There are 2 protein chains.
Amino acid sequence: MINLNDALEVISNSVSRIMASERIALPEISGRILAEDIFSDMNFPSFDKSAMDGYAIKRAEIDDDLRVVEFIPAGKMPELEVVDGCCSKIMTGAMIPKGADMVVKVEDVLRHGDFIKVVQTASKKNILFEGEDVKKGDLILSKGRRLNSVHAGLLASVGAVKPLVYKKPLVSIISTGSELVSPENFPGPSQIRNSNSSQLQVLAVESGTEVIEATQVDDNEQRIFNMVESALAKSDIVVLTGGASVGDLDFTSRIFDGLKAVTHFTRLGIQPGKPVLFATIGNKYLFGLSGNPVSSFVQFQLLLKPLIARLSGNKEQDRIIKLPLSEEKTRKKAERQLFFPVIINDNMEVQSIEYHGSAHLNSYQSANAMACFPIGVKILKKGDLVDVRPL
Amino acid sequence: MINLNDALEVISNSVSRIMASERIALPEISGRILAEDIFSDMNFPSFDKSAMDGYAIKRAEIDDDLRVVEFIPAGKMPELEVVDGCCSKIMTGAMIPKGADMVVKVEDVLRHGDFIKVVQTASKKNILFEGEDVKKGDLILSKGRRLNSVHAGLLASVGAVKPLVYKKPLVSIISTGSELVSPENFPGPSQIRNSNSSQLQVLAVESGTEVIEATQVDDNEQRIFNMVESALAKSDIVVLTGGASVGDLDFTSRIFDGLKAVTHFTRLGIQPGKPVLFATIGNKYLFGLSGNPVSSFVQFQLLLKPLIARLSGNKEQDRIIKLPLSEEKTRKKAERQLFFPVIINDNMEVQSIEYHGSAHLNSYQSANAMACFPIGVKILKKGDLVDVRPL
């Protein structure tokens, strides 16, 4: 049995080559990982511009009557210099005309025909100076960033309309188990619906992969072998569920061996989810997850998400935060890290959710995080800081 | 000028009809809002099942040598009752045979031919009893839930393979401003690239809408009017940027009036983002956001997201949490709520990010939350709890 931190190091070290990259359109970037450094091709602002609707004046003449010689809307080049005794009406975002060193807000001015008088003297210049936010050549966004709407705006502002991002890892999901029926059917006696497949498909997509196949198969070693072999040919990651333990029908380990994969671990010091296999063949990754959906959910969160992040060039680690527990929680055995569903409440306390064990998927339905009992710890007291992984 | 809470009430009250619903496939549910209550069509577990690989025995006979009469893998109906002196080998998830009331773990047993001897006496039954997690007819998921991977598993487990969800609101985005050039072009003197459009497209999609159109137009009142009118015909929400203030070229207000829309507010007590219009025509919603991308980002977060949630039937409120500030922060004026970009660090403290004001989109690129100065407050001390909106 390997502990979680060691398992994560094994997984991280197993990645020798991250995904290839591709260029995509800006509206598609949400959640994608940037595969290039982005530098600004210009200053921001790119010219001295007005922060206000108002009048561009010479500051020294703020007490004088000034003649309005030009109207400068945003997007227009000023045609006239502001010379002594003159000013220009200017709109927010428009270029400051030569000669002016201040913009007086429109509200602070009385206008009579072509003349203005500043009635409310302020000291603010209301000018955004060229390059004060960003200089041409500045690094704007680094390779490895997970992109969001703000980044879309930034990329647009420097003309990076087809940013280079890492391709999404391709995932195949194979649910094994003779007890499984497809969810649209009512299970016969001794059968259950396959809920794992739907869960993992959504989880894989939410984690930044593309699911290319989700199949289901009986506990038949040869058939499973064939499906894994075929999935491997077209996927970066193949996820099996069921058969991960050491029972008579737990074929996963033998199948990985038969495929000449290198199996890195088969049992992990976590609860739920101890029986879990991780193997590699070249740049392909194989997981044997539990057949029950709570265990496979926890295993995916703990193992697959970091692999996917690493493989996709994502440099932003999934966060583990420390928050106080809202009430005491105990357990009997402490050989493994125990993960349990919790709600982070508005006071930023961690409340645990009723949880019947690894078959009880319903327990996670209202969870917004997973919390953790460390190895060796049987009592967590109210107020103790616990490790929390937001979901 | 209206304050934010009043504006949110106005927005909420303006929604008289939420979106129609549609059925979608399970793998597509991520982020969608459930439009029906889901009840379980069966007990969970649906039969007494083994929690372990082991032997199903009569507990009273735990000290006896027992003959193994059957092998029961998951998915198979037991054929034989466990009678006195007998037991059945059973796999995890398989149905408990009649007569047995306990499963002994395979590790706790010595086997000789057809007989076993329990060598490690444990008291746990290792049986998951029918209905112990969920009873047939129980409410599993309520209308209004935002769906995720766990819900996909739950829906699959009760056969809800085509859940009813609310349709996504359709959004059109119109960027106005003669200074704007399309992001693929290098801006001429006095021009800027249109970054708002890309930002808002991604933000709208991330917020659960479908963007059907994103267009750009000069400061020409008639052309803007025509585009808004055309966008209204096919959208639930039309978002304009630029022209929201009261300058000579700020047409938005007049355009909304010309369309016979009811304008609910035009100025909001927030900073950045004071000039912002909200109007309605029947079940259509019109926003006039700022032309600068930080203001429009903040306005979208504060106003559009709650509208989209309300319109989409989403009953989960966006959370505002309270966290301590990592260092003192001051401001000069306090008439409006000031929103500023922050990072919530691993100690769950709020660190503010260098921020030059409303044109400085770069400031939000590393933010994971927005924090807030309340109205009337000029100093926030280190350690003060501030309202934080995770992004």
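This is a predicted model: local features need pLDDT of at least 70, side-chain atom pairs count only at pLDDT 80 or more; totals for chains, interfaces and linings use all residues.
Contact here is C-beta atoms, placed from the backbone, within 7 Å. (Ala, Val, Leu, Ile, Met, Phe, Trp, Tyr, Cys and Pro count as nonpolar, Asp, Glu, Lys and Arg as charged, and the others, Gly among them, as polar.)

H3 (residues 196-206) and H6 (residues 293-311) of chain A have axes that come within 10 Å and cross at roughly 20°. The two helices are therefore roughly parallel, a label for angles under 35 degrees. Helices are DSSP runs of H or I with at least four residues, and strands are E runs of at least two.

## The side facing chain B

Both helices turn up again here: H3 and H6 are among the elements giving two or more residues to the side of chain A that touches chain B. In total, 77 residues of chain A contact 75 of chain B. Chain A's share splits into 37 nonpolar, 28 polar and 12 charged residues.

## Gly242(A)

Gly242(A) sits in the loop between strand S17 (237-241) and helix H5 (252-258) of chain A. Gly242(A) counts as buried because 31 C-beta neighbours lie inside 10 Å; the cut-off is 20 or more. Beyond its neighbours within four places in sequence, Gly242(A) contacts Ser175(A), Thr176(A), Gly177(A) and Gly291(A).

## Reading notes

Residues are numbered from 1 along each chain as its sequence is written, and chains are lettered from A in the order written. Local features need pLDDT of at least 70, side-chain atom pairs count only at 80 or more, and totals for chains, interfaces and linings use all residues.

Note on methods
A residue is buried if 20 or more other C-beta atoms lie within 10 Å of its own, exposed if 12 or fewer, and partly exposed in between; C-beta atoms are placed from the backbone. Two residues are in contact if their C-beta atoms, placed from the backbone, lie within 7 Å. Axes are lines fitted to C-alpha atoms, for helices over the stretch in contact, and angles run from 0 to 180 degrees between N-to-C directions. Angles under 35 degrees count as roughly parallel, over 145 as roughly antiparallel, 65 to 115 as roughly perpendicular and the rest as oblique.
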